[in-house]
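Welcome! Please take a look at the structure below and get ready for a short tour.

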Amino acid sequence: MPLVLMALDDTLLDRSGAFRLWAKGFLDEIGAPQDDLDWLLSVDADGLTQRWDVADAIRDRYRLTIPSIDLLEELHEGPLAFERLDPMVGCALQIAADAGLVPVVVTNGQTDRQDSRIRRTGLDRYVADWVISEQAGVSKPNPRIFALAAQRVRMRLNGAWVVGDSPEADIGGAAAMGLPSVWLHRGRDWMDNRFAPTRVVGNVIQGLSAIMAAPN
């Protein structure tokens, strides 16, 4: 019964897709050209850029008079309106659970926000539990957060898999613990020569399939 420690953003939930949809509407709303979409996506950097920095970059580029705090709130809340749990991902999680896998979300971020996303999208119905870095007091790739996740479901880390799209936070965390991992490449090439994933796949459904097909 393998424990599967899974990332949230761009693994179980399509955070980048939701941000792209919001960004298109936002650019229309402020009268900016759609050609600027690539610029806005690059500034966002898959959510890795601090929201204050994204807000400042937008205000500077378009000379907006909207207060930064209001723009910050829009950056936080706007994309959430477009975020959905893919029914096929839910189905794959159910099949994995029926096969004996125990999926647990391990995510960096603010407790209230991440918890709300997991519950609002219905993802909570398909995972055994979740651990959020702010509440845990430790972030990926630190092995402690993965150990806390295992404790939440009263399982050992030995034999667990780590699944995610981040080379550093997910695959680096797995390597630090000596655990097998599945990297969601999302069209990227693996570039880190310090460690490597056990499996490379295109999406989380393929990732779960790879784990179920792996020898015990």
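The notes that follow cover a pair of helices and then a sheet. Keep in mind that this is a predicted model.

**How the two helices meet**

- Two packed helices are described by the angle between their axes and the distance between the axes.
- Helix H2 covers residues 37–44 and helix H3 covers residues 51–62; their axes come within 9 Å and cross at roughly 150°.
- Angles over 145 degrees count as roughly antiparallel, and H2 and H3 are therefore roughly antiparallel to each other.
- The crossing in which H2 passes H3 is right-handed.

**Who touches whom**

- On the H2 side, the contact is made by Trp-39, Leu-40, Val-43 and Asp-44.
- H3 contributes Arg-51, Val-54, Ala-57, Ile-58, Arg-61 and Tyr-62 to this contact.
- Sorted by type, the residues of the contact of H2 with H3 are seven nonpolar and three charged, with no polar ones.

**The sheet**

- Six strands form an open sheet with parallel pairing, and their order is E3-E2-E1-E4-E5-E6.
- Which strands stand at the edges? They are E3 (129–132) and E6 (199–201); each has a single partner strand, so one side of each is left without a neighbour in the sheet.
- On average, neighbouring strands of this sheet are turned by 20° against each other, with direction ignored.

**A closer look at E2 and E3**

- Strand E2 (residues 102–107) runs parallel to E3, and four bridges join the two.

Terms used. Residues are numbered from 1 along each chain as its sequence is written. This is a predicted model: local features need pLDDT of at least 70, side-chain atom pairs count only at pLDDT 80 or more; totals for chains, interfaces and linings use all residues. Side-chain values use heavy atoms; hydrogens and water are left out. Axes are lines fitted to C-alpha atoms, for helices over the stretch in contact, and angles run from 0 to 180 degrees between N-to-C directions. Angles under 35 degrees count as roughly parallel, over 145 as roughly antiparallel, 65 to 115 as roughly perpendicular and the rest as oblique. A crossing is left-handed if the near helix is turned anticlockwise from the far one by less than a right angle, and right-handed if clockwise. Contact means heavy atoms within 4.5 Å. Ala, Val, Leu, Ile, Met, Phe, Trp, Tyr, Cys and Pro count as nonpolar, Asp, Glu, Lys and Arg as charged, and the others, Gly among them, as polar. Two strands pair if DSSP finds at least two bridges between them.
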